Amino acid sequence: MKTCILALAAALLASPAYCDTLIDHANGVQADANGRIEHFTGLLIGDGGKVLRVLHAGEARPKAAAVVGAAGRTLLPGLIDAHGHVTDLGFYALRLDLTGSSSLADMQQRLRTYAAAHPERKWILGGGWNQELWPDKRFPTTADLDAVVPDRPVVLERVDGHAVVANSAAMKAAGITAETKAPPGGEIHDGVFVDHARALIDPAVPKPTPAEVDQALAKAQEILLGFGVTGVGSMSTSLSDWQAFRRAGEAGRLQVRLMSYLIGDNALQAVPHPTPWLYGDRLRAVGIKFFADGALGSRGAWLKEPYSDKPDTRGLQFHSDAEIVSETDRAAGAGFQIATHAIGDAANAQMISTYEQLHRKYPGDRRWRIEHFQIVDPADIARLAPAGIIASMQPTHQTSDRLMAEKRLGPNRLAGAYAWQSVLKSGARLAFGTDFPVESPNPFPGLSAAISRQDINGQPPGGWIPSERLTLGQALHAYTRGAAYAGFAEQKIGALEPGKYADFVIIDRDPTRIDAQSLARTQVLETWVTGKRVFKRASATPERGQ
Ligand SMILES: [Zn+2]
């Protein structure tokens, strides 16, 4: 600090200021305001961690206190995930991971090891099992879990989140007996609670303590920074999440910038209006999250016409038109941005109509958001831009959902499905994210899907509805500038430009020179926030196929 003060004194006499940092010899790549790729080779970062100058090849380098050579490696702006669930990401990472367990015995062994390693956990929670991968494809049972952990409650979620298996101690804690009947829309068999039957067991699981939420937040930040994610639209922020964010901010432990969208009456009582940016622009309550329908996989998405593979249903309409208008109006009246989950074409049409009404009532810059915007009547896409509606979409949902979406919708309703290029062509704004932990928070498979409409293994050949592909510049824009704009943060982040934060990543390959499958396997070598390095990869990790 002392050197800096001296340097500042010197700076009054002669520029430059000597506390600046120069990042030089970089292969800088970013999206310009129009979604075109822009190249640069250096960044001059001021003492406050903001970009002072973006330097190009051949330009004279200013003097700086510190010079960091990037050795020709590729530098991108920090990626911003417009829609993720921050503490959930941490909780998922801290629980028992059963992903890829190859048999019941393998799952039991993982449970045994985890239980022994975590004697302090009063409940053992885990997830990721999939009996379809096991030799006999038999669902696990209460007895299978009791055989390993008889003394503490155990609840293990299936990979899709639609079922859990519980041991006897968990069922006892939940007050479940042999006489307990499954509610409508649910099933119970041998300790497996399917769909709505989860409501019998989930409420018995103790709420995490503040210390556990803090631990989850710390873990989530570690994961995000490792993937180069420096900002997040923090969706469905509960009061307990918000309090953990504040504690971390006050203690100087917030590194990822969080644009929070609150959920729940108690969160709204505690935070009745949007907050200013807090803790050096690390945290802000900006909006409220609403839901218009469910998900496509469980046929909860609300469609204009019946499901192709279940013609007796059009999915779930969560609110009447009048109800959603009055609820969102109340939040808008309090000054909040509105972000509403809408998956099916009927839910999207309802939200567009709702926002059109709000837009007439609140004509300023309100940036109404639709989260997911997955299945849309093509005629409705043109209605986004005039009402100032942003489509907040997750490219990896397209690659994960493709085959399921074809079954649910049939061949004739896919024209407006995951229609990124149509959104941009209509003149509307697009923001990208992952919906982590539903998908991995790694942005690179998403960028890859965005330019190819293919998964990480190149399926399907030629891409799924390839006319909806984006250029690399457009995809990068949606993952940086677009996501910043969607969170009212484009003056601070989303691009490396004078006055904006020096939040950037150094990666192991140049996305402008590789194919989509290689892009998906990009590794982040370093992540910088506010001009300081906050993550450095210890050593190159072998590439993984998934
Ligand atoms: Zn979500």
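A residue is called buried here when its relative accessible area is under 20%, exposed when it is over 50%, and partly exposed in between. By that rule W134, at a relative accessible area of 1%, is buried. The structure described below is a predicted model.

- Another partner is strand β4 (residues 42-45), which is joined to β1 by three bridges and runs antiparallel to it, and here T21 stands opposite I45.

**The six-stranded open sheet**

- Six strands make up an open sheet with mixed pairing, and their order across the sheet is β9-β10-β11-β12-β14-β13.
- The edges of this sheet are formed by β9 (96-97) and β13 (186-189), each of which pairs on one side only.
- Within the sheet, strand β10 (residues 124-129) and strand β11 (residues 154-158) run parallel and are joined by five bridges, with I124 standing opposite V154 of β11.
- In general, the strands of a sheet pair through backbone hydrogen bonds, in either a parallel or an antiparallel manner.

**Aromatic pairs and charges over rings**

- Eight aromatic pairs are found when the whole structure is searched.
- In the pair formed by W129 and W134, the ring centres are 6.4 Å apart and the planes meet at 35 degrees, so this pair counts as tilted; the class follows because planes under 30 degrees apart would count as stacked and those over 60 as edge-to-face.
- W129 is buried, with a relative accessible area of 0%, and W134 is likewise buried, at 1%.
- The rings of W420 and F432 have centres 5.8 Å apart and planes at 80 degrees, which makes this an edge-to-face pair.
- Because W420 belongs to helix α14 (residues 420-425) and F432 to strand β21 (residues 429-432), the pair ties together parts that are twelve residues apart in sequence.
- W420 is buried, with a relative accessible area of 1%, and F432 also counts as buried, with a relative accessibility of 0%.
- Elsewhere, R367 lies over the face of Y485, at a distance of 3.7 Å from the ring centre.

**Cavity and pocket**

- In general, empty space is located by rolling a probe the size of a water molecule over the atoms.
- The structure holds one cavity of 30 Å³ or more, and the largest cavity contains about 60 Å³ of space.
- The lining of the largest cavity is made up of P77, G78, I80, T230, K492, I493, G494, A495, L496, Y501 and D503, and by class it comprises six nonpolar, three polar and two charged residues.
- The second largest pocket holds about 330 Å³ of space and is lined by 15 residues, among which D265, L268, I288, F290 and R330 lie nearest its centre.
- At least two residues of this pocket's lining come from each of α9 (265-270), β17 (283-291) and α10 (321-333), and the largest share, four residues, is supplied by β17.
- By class, the lining of the second largest pocket has ten nonpolar, one polar and four charged residues.

**A further buried residue**

- S236, which lies in strand β15 (residues 229-237), has a relative accessible area of 16% and is therefore counted as buried.
- S236 and N266 are 30 residues apart along the chain, and their C-alpha atoms are separated by 13 Å.

Conventions:
Residues numbered from 1 in each chain as written. Predicted model: local features only at pLDDT ≥ 70, side-chain atom pairs only at ≥ 80, totals over all residues. Heavy atoms only, no water. 1 Å grid on protein atoms, 1.4 Å probe; cavity = no way out; pocket = protein on both sides within 12 Å on 5 of 7 lines; lining within 4 Å. Points joined across faces, edges and corners; volume = space filled by probe spheres on them. Nonpolar A, V, L, I, M, F, W, Y, C, P; charged D, E, K, R; others polar. Pairing = 2+ DSSP bridges. Phe/Tyr/Trp six-rings, centres within 6.5 Å; stacked < 30°, edge-to-face > 60°. Buried < 20%, exposed > 50% of the residue type's maximum accessible area, 1.4 Å probe, protein only. Lys NZ or Arg CZ within 6 Å of the ring centre and 35° of its normal.
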